[in-house]
Amino acid sequence: MSSIAPSPHSMPSGPPALIGALPLPPLHAIPDGHAPAPLARGITLADGRGLFSVATEFQNLGAAAEAALAASFILRVFAPHDVIYLQDDDADNLYFIRSGYVRLSYLMEDGSAVLCGILPPGESFGELGILEGGTHCEMASAVGDVTAAAVPLHQFRSLRERFPAIDAAVAHVVARRYRSYVELTRMLSLRTLAARLAQTLLRLADGLGTRVKAGDRMYPCIGPAVTQTDLGLMARGARSNVNRALKAWERDRWIAIRDRSIIVLDRARLESLALQEGL
């Protein structure tokens, strides 16, 4: 197989935790654990538009709404594995990811965790709790270094009243995430690990949106921010079994593994595993 190299537009250079960082002007930051200090009261309109340009639901807010939302941003920095908020914490901020990746997990009563998803730069999170004015229904934590723009609850309430487009955008994100969780529930009901893992890879590849070039074609890629342990948590399987399945698929050229990234070469083969079980 010809060498596989990342597309310069899809995988910027830099430390693995910052792969996919948005091309925004540099900002000086001081990490501060679970409750990071704000870096700036607001972000320039150019910075805000840089975030909105990759957050699908927020791309057509209108100039006035974009400016108002960007002005409400408070930048926060999280170190690797920092908890951004806990499940059942009061929802006091809506977040937009400027750089890094965020892991969303649901904690079960027995203490085990279900990994719901890993969000790339440009995604928002914390919408459901802040829309309801209640508590968060999942836990959010940093995968590597993360910089996020936070909109405080009181600011969000004011923006909703002034700009219906912002309210509609958040509602669309909630609907999309709800659909994603329904799909996750269906995926977890599959009988075999192979089928669950195949669906996990496809779900992550679609959600992260990273593509790499192999030969003269572009393929979906799951970058090093996602570990085999993460795959096991999402697919309900032991890491050792996940590793064996990935190696078998690599031998069959369904996937390629390069520099801790998984490239999906044969999507149809992976989809067929779930179709055989009636998903």
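Q: Let's count Ala, Val, Leu, Ile, Met, Phe, Trp, Tyr, Cys and Pro as nonpolar, Asp, Glu, Lys and Arg as charged, and the others, Gly among them, as polar. How do the residues lining the second largest pocket divide?
A: This is a predicted model, where local features need pLDDT of at least 70, side-chain atom pairs count only at pLDDT 80 or more, and totals for chains, interfaces and linings use all residues. Residues are numbered from 1 along each chain as its sequence is written, and side-chain values use heavy atoms, with hydrogens and water left out. On a 1 Å grid over the protein atoms alone, a pocket is an open set of points where a 1.4 Å probe fits, with protein on both sides within 12 Å along at least five of seven lines, and lining residues have an atom within 4 Å of a point. For the second largest pocket, the lining splits into 14 nonpolar, four polar and 10 charged.

Q: Which element gives the largest share of that pocket's lining?
A: The lining has 28 residues, with Ser180, Glu183, Arg203, Asp206 and Gly207 nearest the pocket's centre. Strand S5 (113-119), helix H5 (164-188), helix H6 (193-208) and helix H9 (267-275) each give two or more residues to it. The largest share, eight residues, comes from H5.

Q: How much space lies in the second largest pocket?
A: Grid points are joined across faces, edges and corners, and the volume is the space filled by probe spheres set on the points. For this pocket, that comes to about 610 Å³.

Q: How many helices and strands are there in the protein chain?
A: Helices (H or I, at least four residues) and strands (E, at least two) are DSSP runs, numbered from the N terminus. The chain has nine helices and 11 strands.

Q: What share of the protein chain's residues is buried?
A: Let's set the terms: buried is under 20% relative accessible area, exposed is over 50%, and partly exposed is in between (1.4 Å probe, protein chains only). Of the 279 residues in the chain, the buried share is 49%.

Q: Why does the pair Trp249 and Trp254 count as stacked?
A: Rings of Phe, Tyr and Trp (its six-membered ring) pair if their centres lie within 6.5 Å, and planes under 30 degrees apart count as stacked. That rule gives six aromatic pairs. Trp249 and Trp254 are stacked because their ring centres are 6.1 Å apart and their planes meet at 25 degrees.

Q: Where does Asp88 sit?
A: Asp88 isn't a glycine, yet it has a positive phi of about 80 degrees. With a relative accessible area of 53%, Asp88 is exposed. Its place is the loop between strand S3 (83-85) and strand S4 (93-107).

Q: What is the phi of Arg260 near?
A: Arg260 lies in the loop between strand S10 (255-258) and strand S11 (261-264). Arg260 is exposed at 55% relative accessibility. Its phi is positive though it's not glycine, with a value near 65 degrees.

Q: Which residues does Pro220 touch, not counting those up to four places away in sequence?
A: Pro220 is found in strand S9 (residues 217-222), and it's buried, with a relative accessible area of 14%. Contact means heavy atoms within 4.5 Å. By that rule, Pro220 touches Ala205, Thr210, Arg211, Ile262, Ile263 and Val264.

Key:
Rings of Phe, Tyr and Trp (its six-membered ring) pair if their centres lie within 6.5 Å; planes under 30 degrees apart count as stacked, over 60 as edge-to-face and the rest as tilted.
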